Amino acid sequence: MSQTFLGMPSLPVFGEGNIHASEPFPAAARRELGNAQLRANLGHATHTIRDKRLKVVAELPDWEQLREAGSTIKQNVMARLPELLEQFEENFTARGGTIHWARDAAEANAIVAGLVRDQGADEVVKIKSMATQEIGLNEYLEEQGIAAFETDLAELIVQLDHDKPSHILVPAIHKNRTEVRDIFLREMPEVDPALTDEPAKLADAARTHLRRKFLTAKVAVSGANFALADSGTLAVVESEGNGRMCLTLPETLITVMGIEKLLPTWQDLEVFMQLLPRSSTGERMNPYTSLWTGVTPGDGPANVHLVLLDNGRSAALADEMGRSALHCIRCSACMNVCPVYERTGGHAYGSTYPGPIGAILSPLLTGIESEENSSLPYASSLCGACYDACPVKINIPDILVHLRGEDVDSKRGKRKLPTQMDAAMQAASWALSSGKRLGLAEKALPLGRLVAGPDRKITRLPGIAAGWTQSRDIPAPPSESFRAWWRKEHGKGPEHQGPDHGTGQDQGTGQDQEKGKP
Amino acid sequence: MSARDEILGRVRSALRDAPAAPQPDRTYRRTSTMSEDARIELLVDRLVDYKAKVQVVGPDQVADRIADLLAGTGDCVVPAGFTAAWLPADNPETGPRIKTDGPESPLALAELDGADAVLTASAAAVAQTGTIILDGSPGQGRRAISLVPDRHICVVEAAGITELLPEALARLDGTRPITMISGPSATSDIELERVEGVHGPRNLEVVIVRSRRA
């Protein structure tokens, strides 16, 4: 394997497609929060799945060891990505598959459309896939006169309603059963007008609707959950059997997969097939998993293609702090536990990838300076629930903070004059670095009380601080500082123990207290 | 420069800090000493939880039990290589009418779609997760036959049942076309409520065969 650089180290090349927020997160979130039905549906759904996940995770005594294994395997993959990609290509090709490389969304779309046309087809059946969502494949194929039929129930609901997915696992999570029934009645010509909103009846209607398509389709398009470098094997994990239909019945199968989805060996599958189902649907195992290695004569498609997609992944990989976002296996556990996602829903993130992982992955793929993606790393309270839930231990809060820093740095670079934020931070740095100066600043507390007025609340702060008071009040400051109160109550003296030992001394900074700890 | 070379170049460039490639930490459970009876009990529990119908039989009862299950069933697809001694008699009038699918004489898709049931063997099963694995070996058939008919009757032999997933995967050849089946087809797409029965077989019936005891 060649380890030489092809030319000079290049600047990161970012991705394009449906990974850009077109409006700032706060504005989009404000709009979505106004939809009470959406919030009720989301609250119900995310709490249901959270409880299921906790129950099945608790069954495994080695869950934490599995997470650790998942994390180390993915670190290994990222560090050895070029050699693993070459190994995978060799094995997949040797077994009769064809590999295509796509630098970006446009190139991937053109490759897929060309392959469909080569088969003389003007329609394809599709398995739910994040990668094809990311590159906007359906829209592109439609422009090219090729109809793409989504076959996953939730994707079907979203497609029939001309809506957008709002969750990576259950894209129609924002719709309740009655809304789904109404969509089916409106958009499926053959459906029984007496269709009820019972989920089993709705699933049955989808089965009837898609059966003919499955049996007659010539071309299927899929994503892939895993690709095994040592054998050239691809894996798709699903529930309904629509995946098996697409992967098995048509003559031609085209799979679109991000370059980061590799696993080094067959053995690694034993880790991820335990982590993924329990984290995503909260099941011990998903109903169906299909594995195929190139072409198997007499069993499944005779033409097997794989489009390997970069679209900003190499740029994300170049970010040493952010690259572990590429470990993501798209389980959606982080979304289901996120207090922000639970309220705003997925549409507010403006990208194919919503929720906590989307808030880091989207700006890493597009660059922090792209459109409104710089607002995404702030779409978090940094509570850390996503990190605890992540089956491959991606430290999402750390990467959010890192990207906030990138955002501030990128904006600072463009300005000549310091901003209010710079000035405020400098003032805070000056005041907080010395006890004497802090004491001086605390003398201004009564001023705050004056501003707060008789209701003891400050409802609007000036300048950039207005962002803070936009959605909450600040209580009036106390009439004296804690340190002043302590001095008054206890006086000065060596008999006082504990964290107050520095009280009243000018050098009583936080740093000294740290040193005093055992 | 080709897209391939350009992407590989970008990836190498992204890794110029030469990050560590740690060896996978495999301290999770990989082997089990669970007895056959316990493995069968666990597998039954998991399968029933997925709404599959399960029967546990001794090695001499398989043929009778399969005959019972298929009595009165119309067309039943059976892959070439299925254990002949377990196969029920073909009955053109009352059913089952046995339709054999093999590499030399594959059934047309319409025949699969019109069949009432499919009967297959399996390559392995995982008790902990209630998973049955088919790898296309003789007796299991190509992937389409266990997918298109609405009713799948699957024979699982006790020797193939492991407690853990790693034990089962270690026995398989990953380059074969593999299907892992955990219950009938299902969806949780509407309000995250699990519903059994979408596009795959809506009925999964499992016949677990105990080992012959000395």
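What percentage of the 518 residues of chain A count as buried? In this predicted model, the figure is 55%.

## Chain A as a whole

Chain A contains 24 helices and twelve strands.

What percentage of the 518 residues of chain A count as buried? In this predicted model, the figure is 55%.

## Chain A as a whole

Chain A contains 24 helices and twelve strands. Among contacts in chain A between residues at least 6 apart in sequence, 74% join residues at least 24 apart.

## A buried serine in chain A

Ser222(A) belongs to strand S4 of chain A, which covers residues 219–222. Is Ser222(A) buried or exposed? Ser222(A) counts as buried because its relative accessibility is 1%, and the limit for buried is under 20%.

The side chain of Ser222(A) makes a polar contact of 3.1 Å with the side chain of Thr255(A). Leaving aside neighbours within four places in sequence, Ser222(A) is in contact with several residues, including Ile127(A), Ser129(A), Val236(A), Leu253(A), Val256(A) and Trp292(A).

## The largest pocket

The largest pocket holds about 1400 Å³ of space. It is lined by 33 residues, and those closest to its centre are Pro26(A), Tyr378(A), Gly467(A), Gln470(A) and Arg472(A). Five helices of chain A give two or more residues each to this lining: H1 (25–33), H15 (339–344), H18 (396–412), H19 (420–432) and H22 (466–469). H1(A) has the largest share, with six residues. By class, the lining of the largest pocket has 17 nonpolar, nine polar and seven charged residues.

## The second largest pocket

The volume of the second largest pocket is about 1100 Å³. Of its 50 lining residues, Gln133(A), Glu139(A), Asp163(A), Lys164(A) and Pro165(A) are the closest to the centre. Elements of chain A that each supply at least two residues of this lining include H1, helix H6 (130–134), strand S3 (147–150) and helix H10 (199–216). Which element gives the most? H8(A) does, with five residues. The lining of the second largest pocket divides into 18 nonpolar, 19 polar and 13 charged residues.

## Strand S7 of chain B

In chain B, strand S7 (residues 151–157) is mostly covered, with six of its seven residues buried. S7(B) pairs with strand S4 (residues 117–120) of chain B in the parallel sense, over three bridges. In that pairing, Val118(B) has His152(B) as its bridge partner in S7(B).

S7(B) also pairs with strand S12 (residues 203–209) of chain B, again in the parallel sense, over seven bridges. Here Val155(B) stands opposite Val207(B) in S12(B).

## Backbone details in the loops

Two residues other than glycine have a positive phi to look at. Asn311(A) has a phi near 45 degrees. Asn311(A) sits in the loop between strand S10 (303–309) and helix H13 (313–318) of chain A. With a relative accessible area of 0%, Asn311(A) is buried.

Ala18(B) has a positive phi of about 50 degrees. Ala18(B) is in the loop between helix H1 (3–14) and helix H2 (36–49) of chain B. Ala18(B) counts as exposed because its relative accessibility is 61%, and the limit for exposed is over 50%.

Where is the cis peptide bond to Pro96(B)? The bond runs from Gly95(B) to Pro96(B), with omega near 0 degrees. Pro96(B) lies in the loop between strand S2 (75–79) and strand S3 (97–101) of chain B.

Note on methods: Residues numbered from 1 in each chain as written. Chains lettered and ligands numbered in written order. Predicted model: local features only at pLDDT ≥ 70, side-chain atom pairs only at ≥ 80, totals over all residues. Heavy atoms only, no water. Helix = DSSP H or I, 4+ residues; strand = E, 2+ residues; numbered from the N terminus. Buried < 20%, exposed > 50% of the residue type's maximum accessible area, 1.4 Å probe, protein only. Polar contact = N/O pair within 3.5 Å; in protein donor to acceptor, adjacent residues only side chain to side chain. Contact = heavy atoms within 4.5 Å. Pairing = 2+ DSSP bridges. 1 Å grid on protein atoms, 1.4 Å probe; cavity = no way out; pocket = protein on both sides within 12 Å on 5 of 7 lines; lining within 4 Å. Points joined across faces, edges and corners; volume = space filled by probe spheres on them. Nonpolar A, V, L, I, M, F, W, Y, C, P; charged D, E, K, R; others polar.
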